[in-house]
Amino acid sequence: MEKPKIFIANPVPEDVEEFLKESCECVKWDFRYPKTLEGILENIRDVDGVIQVGMKIDDRILDNAPRLKVVSNISVGYNNYDLDAMKRRGIIGTNTPGVLDNTVSDLILGLILNSARRIPELNRFTKSGSWVKADNSDLFGKDIHGSSLGIIGMGRIGEKVARRAKLGFGMDVSYYNRSRKLEVEEELGIVYRPMEEILKISDFVLLMTPLTPETTHLVGEKELKLMKASAFLINASRGQVVDEKALIKALEEGWIAGAGLDVYEKEPIDADNPLLRLQNAVTVPHIGSATTKTRDEMAWAAAKALVDELYGKNSGMRVPELS
């Protein structure tokens, strides 16, 4: 059997690349140079599969890839897939669910801690030499233990965050989801509530929804004004779930106490984005899964899913809407 041909569009660990070469004829981008549309179209013209991160898979790409059968994201997300365009052509899309759940959950707890206890701000304060008096009551933060956490979008990561928050910090956890998780409610002692109620009562509101037309700008001015002035918004899902202009206004005018953000409407974030100058916004560069161990495991999962699908096996990692 002739080996399928694949395009490695993003760097993968050396051992992952060797694995792919055993099963496939591989071409890869020269990573010394930034990718261009012209170069991508040239490379995908005669390939059966692609392994990549974030590249929009739409008609523009697919019209130039008549042999393409499988696209494998090194990511749990798949909002870069034009699902309708891929369905029309019978192209399979895979992602890496489950691999990064614990790592992202750890980062989310870090955002909560850093936002509430003002750790980045106080780090800058101390290193600048501003700590010159014993009374620093103006630098006080907010307790996490015993506070309330509302999770909007209770998927696998949401469940792991709920477990950490409930069992580790004694937080009062409630959640909103399209479908209730009765077993999780019973096991952890968490409560299902309507989204509006969660916004009104929670000390921390965590967004963990996928990006869909329905969730785009799910949280805007109306929703932010429902939150307590002492509350924090944590977003580790997708930047477009939040109306960023409304969030900036909320932080500047004190509608809410602060925000912890791993994602933004435009990425990389513009250097002049007001979020970067706001002390009450903790901003990290979309690093939820960014540990060496987890990123390596994600690359392995994406590579195995790609090879399995090209050889007619169901990897179990297909995007649900394309299965």
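Predicted model: local features only at pLDDT ≥ 70, side-chain atom pairs only at ≥ 80, totals over all residues.
**Entry 1: Asp-59 and its partners**

I started with Asp-59, which forms a salt bridge with Arg-89, the closest N and O atoms being 2.9 Å apart. I call it a salt bridge when a side-chain nitrogen of Lys or Arg is within 4 Å of a carboxyl oxygen of Asp or Glu. Asp-59 lies in helix H3 and Arg-89 in helix H4 (residues 83-89), so this pair ties together parts 30 residues apart in sequence. My helices (H or I, at least four residues) and strands (E, at least two) are DSSP runs, numbered from the N terminus.

Residues are numbered from 1 along each chain as its sequence is written, and side-chain values use heavy atoms, with hydrogens and water left out.

**Entry 2: two other salt bridges**

Next I looked up Arg-156, which forms a salt bridge with Asp-101, their closest N and O atoms being 3.1 Å apart. This pair links distant parts of the chain, 55 residues apart: Arg-156 is in helix H7 (residues 156-169) and Asp-101 in helix H5 (residues 101-116). Arg-156 counts as partly exposed at 42% relative accessibility, whereas Asp-101 is buried at 3%. I also noted here that salt bridges with shared partners join Asp-59, Asp-63, Arg-88 and Arg-89 into one network.

Then I went to Asp-48, which forms a salt bridge with Arg-67, with 2.8 Å between the closest N and O atoms. Asp-48 sits in the loop between helix H2 (37-44) and strand S3 (49-52), and Arg-67 in the loop between helix H3 (59-62) and strand S4 (70-73), so the pair ties together parts 19 residues apart in sequence. Asp-48 counts as buried at 6% relative accessibility; Arg-67 counts as partly exposed at 36%. How many salt bridges does the structure hold? I have 25 in my notes.

**Entry 3: tyrosine rings**

I turned to aromatic pairs (rings of Phe, Tyr and Trp, its six-membered ring, with centres within 6.5 Å; planes under 30 degrees apart are stacked, over 60 edge-to-face, the rest tilted). The count comes to 4 aromatic pairs. The rings of Tyr-175 and Tyr-192 have centres 5.3 Å apart and planes at 80°, so I logged the pair as edge-to-face. Tyr-175 lies in strand S7 (residues 172-176) and Tyr-192 in strand S8 (residues 191-192), so the pair ties together parts 17 residues apart in sequence. Tyr-175 is buried, with a relative accessible area of 0%, while Tyr-192 is partly exposed at 25%. The rings of Tyr-176 and Tyr-192 have centres 6.1 Å apart and planes at 35°, so that pair is tilted. Tyr-176 counts as partly exposed at 29% relative accessibility. Ring pairs link Tyr-175, Tyr-176 and Tyr-192 into a cluster.

Methods. Buried < 20%, exposed > 50% of the residue type's maximum accessible area, 1.4 Å probe, protein only.
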